[in-house]
Amino acid sequence: MNNSNHLYSIINLCLKKNILFACYKQANSNDVIFIAQRNNEPIGLTLNELLQKTGFVIYPFDKESKDNLPYFIFPDIQGKINDIDIHEIESLPSYNHKSYDETYSMPKAEYEAKLEPLIHLLKSDDPIQKVVFSRIAHVDKPDHFNESELFHTLTEKYTEAFCYILNIPNEGVWIGASPETLLNVEDNKAHTVALAGTQKRKDQEDINCIKWSHKDQEEQEYVTSFVQDILHQYNINDYTQSDPYTIATAKVVHLKTSFSFPADNIKDQLGDFILSLHPTPAVGGVPQDKAIQKIKEVEPHNREYYSGFLGPVNINNSSHLYVNLRCMKVSNKLLSLFIGGGITSQSIVENEWEETCLKAQTLLSVL
């Protein structure tokens, strides 16, 4: 049995049995890791408590959500996918499948109608400087659609992204390929980023020659200043910061600034630090609290786990958390793609719509 067939067999069986599991590949790694829990119950612990344990965390966008709970997958079964014994999966109990309500898909006319007054607000004296406005695009589930094949294709195509598939029995199947680190902790070094600004990359275009608009640079500066403020709040002054640089994810490029600091600075308050970062201005806005309140007012849908965070915790003595971007939720007949963009006073409605279409191509191009 070749590697991909074994991966398909494991994931398809987990989905059939409706098991709480995650399968993922770190950015710039060839190893696909599998982790599953024997029962499907969420654990009633704080994030600080969870981050002292070993497993995989999935956290929603809305920290106050009562509909979408944080989940932590304990490693009852864990390892590289090729080392997983399918008989172990067969021994796990099966759980009933839930019928999920379809998400709300926003047509272009409604998107534009909501965005125009939002841009007007940002041009006024309102204290909000940036809001990330998102929408959901529905795609009919293709004939013979297979979640495991889509995940495998993502790992092959987006080697520089964090690729994952996970099943939360009461929340659904999520699949994604995220370019954005929230926080990595390894070898007593902590690493986070400021990521903002998006444009299409032409074939074979040298990313070092790409020019960025004032709007994109302004967005990136908002996120960078936000990260700096959080570091100072936690009395972290011994950090190193890169200059902004361009990164590529397939045919899309972003502006990125990297931060590194000793992990001992947040050793006893890791969860608090993460929740101070989350949601970053890259997925929420500036100032954080007012932008999130505006999102709840203008977005007609529940973001659920889109623009939340997820990743392995204390596995092989390291933790890698990513912002849940370029992701979809699998429903009975539809695939729901969650996509958004940063809105500032410099935004142009048509350009923002095109940016969401561009971001959707991360997943659409492999369907």
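User: In this predicted model, how many bridges join strand 10 to strand 13, and do the two run parallel or antiparallel?

Analyst: Strand 10, which covers residues 189-200, is joined to strand 13 by 11 bridges, and the two strands run antiparallel. To follow the pairing residue by residue, you can look at Ala-196, which stands opposite Leu-255 in strand 13.

User: Why is strand 13 described as largely enclosed by the rest of the structure?

Analyst: The description rests on burial, for which a residue must have under 20% relative accessible area. Nine of the 11 residues of strand 13 are buried, and therefore the strand is largely enclosed by the rest of the structure.

User: How should I read the order of the strands in the open sheet?

Analyst: The order tells you which strands lie side by side: nine strands form this open sheet in the order 5-2-1-7-8-17-18-6-14, and their pairing is antiparallel. Strand 5 (77-80) and strand 14 (285-286) stand at the edges with a single partner strand each, so one side of each has no neighbour in the sheet. Helix 6, residues 214-233, packs on the sheet, where it touches strand 6 (130-140), strand 14 and strand 18 (334-343), and its direction makes about 110° with that of strand 6. Elsewhere in the sheet, strand 1 (residues 21-25) and strand 2 (residues 32-36) run antiparallel and are joined by five bridges, with Ile-35 in strand 2 as the bridge partner of Ala-22.

User: What does the length of helix 6 look like beside the expected value, and which of its residues are buried?

Analyst: An α-helix has 3.6 residues a turn, so residues three or four places apart point the same way. Helix 6 has 20 residues and reaches 29 Å from its first C-alpha to its last, which is close to the 28 Å expected at 1.5 Å a residue. Its buried residues include Tyr-222, Val-223, Phe-226, Val-227, Ile-230 and Leu-231. Just after the helix, Asn-235 takes a positive phi of about 55°.

User: How is a pair of aromatic rings described?

Analyst: Such a pair is described by the distance of the centres and the angle of the planes. The structure holds 15 aromatic pairs. One of them, formed by Trp-174 and Tyr-305, is edge-to-face, with 6.0 Å from centre to centre and 80° between the planes. This pair links distant parts of the chain, 131 residues apart, since Trp-174 lies in strand 8 (residues 172-178) and Tyr-305 in the loop between helix 8 (288-298) and strand 15 (309-313). Trp-174 counts as buried at 1% relative accessibility, and Tyr-305 is buried with a relative accessible area of 1%. In another pair, the rings of Tyr-239 and Phe-259 have centres 6.0 Å apart and planes at 55°, so the pair is tilted. Here Tyr-239 is in the loop between helix 6 and strand 11 (240-241), while Phe-259 is in strand 13, 20 residues away.

User: Where does a charged residue lie over the face of a ring?

Analyst: Arg-135 lies over the face of Trp-353, at 3.8 Å from the ring centre, and Arg-303 lies over the face of Phe-61, at 4.3 Å from the ring centre.

Notes. Residues numbered from 1 in each chain as written. Predicted model: local features only at pLDDT ≥ 70, side-chain atom pairs only at ≥ 80, totals over all residues. Heavy atoms only, no water. Pairing = 2+ DSSP bridges. Helix = DSSP H or I, 4+ residues; strand = E, 2+ residues; numbered from the N terminus. Contact = heavy atoms within 4.5 Å. Axes fitted to C-alpha atoms, helices over the stretch in contact; angles between N-to-C directions. Phe/Tyr/Trp six-rings, centres within 6.5 Å; stacked < 30°, edge-to-face > 60°. Buried < 20%, exposed > 50% of the residue type's maximum accessible area, 1.4 Å probe, protein only. Lys NZ or Arg CZ within 6 Å of the ring centre and 35° of its normal. Expected span 1.5 Å × (residues − 1).
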